[in-house]
Amino acid sequence: MNKAVFLDRDGVINECMTDRVKHVNRPGDLYILPGVAEAISKLKKAGFLIIIVTNQGGVGLRFMKPETLQRIHERLLSILKKEDAQIHDIAACIHKPKDGCACRKQNPGMIMTMAEKYDIDLANSFMVGDMETDIAAGKAAGTKTIRIGHEDEKADFSAPSLLDAIPYILKTQKGR
């Protein structure tokens with residue numbers, strides 16, 4: 001079985017709700033956070049699959065088209081690839097926030113789908129996010145959880161950034 005790090009996108013990989021960009025609704029709105037490429041590269045070298053699981057209700061709410069979301073993700077992958085930071089897959093829930101779908105985080109649907117697709121051992125995997133819904137989805141799926149940006153007693157660990165979470169992830173895996 002494989003091990004994975006599931007990453008939320010907005011607020012973990014790229015800026016959102018900053019002075020520069022509120023929401024990423026077009027490729028030009030995408031700004032990668034400092035240290036993200038380095039962190040992803042280290043996780044890949046440690047043998048993790050890196051999978052983005054992201055709520056993108058802006059599609060369902062018609063703030064952007066599915067094709068625009070695809071172009072945003074293509075730009076994201078291109079930027080990270082230049083830094084030797086490989087993303088294995090991206091799962092996006094494009095439903096409206098109140099549609100009640102199984103894939104929208106806080107539900108574990110995207111994580112479970114990717115776990116089945118890639119034969120992932122969820123107990124030896126991590127969900128990293130900046131929102132309570134990310135932590136809830138990870139817990140429901142059976143992963144360890146890391147909250148970025150805020151202390152969170154519901155998460156297994158909290159860190160200021162993805163790069164700051166890497167020592168915890170690597171130490172936790174070595175302890176197994």
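A residue counts as buried under 20% relative accessible area, as exposed over 50%, and as partly exposed in between. Gln-86, with a relative accessible area of 38%, is therefore partly exposed. The model described here is predicted.

- Strand β4 spans residues 126–129, and both of its faces are covered.
- On one side of β4 the buried residues are Phe-126 and Val-128, and on the other they are Met-127 and Gly-129.
- Strand β1 (residues 3–7) runs parallel to β4, and 3 bridges join the two.
- Within this pairing, Val-5 stands opposite Phe-126.
- Strand β5 (residues 144–148) also runs parallel to β4, to which it is joined by 4 bridges.
- Here Phe-126 has Lys-144 of β5 opposite it.
- Between β4 and β5 the chain passes through helix α5 (residues 132–141), and this β-α-β crossover is right-handed.

**Nonpolar cores**

- The largest nonpolar core has 33 residues, and Leu-7 and Ile-40 are the ones that touch the most other members.
- Two or more residues of this core come from each of β1, α1 (36–45), β2 (48–55), α3 (66–82), β4, β5 and α6 (162–174).
- Leaving aside neighbours within four places in sequence, the contacts of Leu-7 include Val-12, Ile-13 and Ile-40.
- Leu-7 is also in contact with Ile-50, Ile-51, Ile-52 and Val-53, as well as with Met-127, Val-128 and Leu-162, under the same exclusion of neighbours within four places.
- Another core, of 18 residues, lies apart from the largest one; among its members are Phe-6, Leu-49, Cys-101 and Ile-111.

- An α-helix has 3.6 residues a turn, so residues three or four places apart point the same way.
- In α1 the buried residues are Val-36, Ala-37, Ala-39, Ile-40, Ser-41 and Leu-43.
- Gly-47 follows α1 and has a positive phi, near 95°.
- Helix α4 (residues 109–118) has Gly-109, Met-110, Ile-111, Met-114 and Ala-115 buried.
- The elements that cover these buried residues of α4 include β1, β2, β3, β4 and α5.

**Around Gln-86**

- Gln-86 sits in the loop between α3 and β3 (89–93).
- Not counting residues up to four places away in sequence, Gln-86 touches Ile-40, Lys-44 and Ile-50.
- Gln-86 and Leu-163 are 77 residues apart along the chain, and their C-alpha atoms are separated by 15 Å.

**Aromatic rings**

- There are 3 aromatic pairs in the structure.
- One of them joins Phe-126 and Tyr-168: the ring centres are 6.3 Å apart and the planes lie at 80°, so the pair is edge-to-face.
- This pair links distant parts of the chain, since Phe-126 is in strand β4 and Tyr-168 is in helix α6, 42 residues apart.
- Phe-126 is buried at a relative accessible area of 0%, and Tyr-168 is buried at 17%.
- Tyr-168 also pairs with Phe-157, and this pair is stacked, with 4.2 Å from centre to centre and 0° between the planes.
- Phe-157 lies in strand β6 (residues 157–159), 11 residues apart from Tyr-168 in helix α6.
- Phe-157 is partly exposed, with a relative accessible area of 27%.
- Phe-48, Phe-126, Phe-157 and Tyr-168 belong to one aromatic cluster.

**Cysteines**

- The number of disulfides in the structure is 0.
- A disulfide requires two cysteine sulfur atoms within 2.5 Å.
- The closest cysteine sulfur to that of Cys-93 is in Cys-103, 3.3 Å away, which is too far for a bond.
- Cys-103 is accordingly in no disulfide.
- Both cysteines are buried: Cys-93 has 0% relative accessibility, and Cys-103 has a relative accessible area of 19%.

Methods: Residues are numbered from 1 along each chain as its sequence is written. This is a predicted model: local features need pLDDT of at least 70, side-chain atom pairs count only at pLDDT 80 or more; totals for chains, interfaces and linings use all residues. Side-chain values use heavy atoms; hydrogens and water are left out. Buried means under 20% relative accessible area, exposed over 50%, partly exposed in between (1.4 Å probe, protein chains only). Two strands pair if DSSP finds at least two bridges between them. A crossover is right-handed if, with the strands pointing away from the viewer, the path from the first strand over the helix to the second runs clockwise. A nonpolar core is a set of buried Ala, Val, Leu, Ile, Met, Phe, Trp, Tyr and Cys residues joined through side-chain atoms within 4.5 Å. Contact means heavy atoms within 4.5 Å. Rings of Phe, Tyr and Trp (its six-membered ring) pair if their centres lie within 6.5 Å; planes under 30 degrees apart count as stacked, over 60 as edge-to-face and the rest as tilted.
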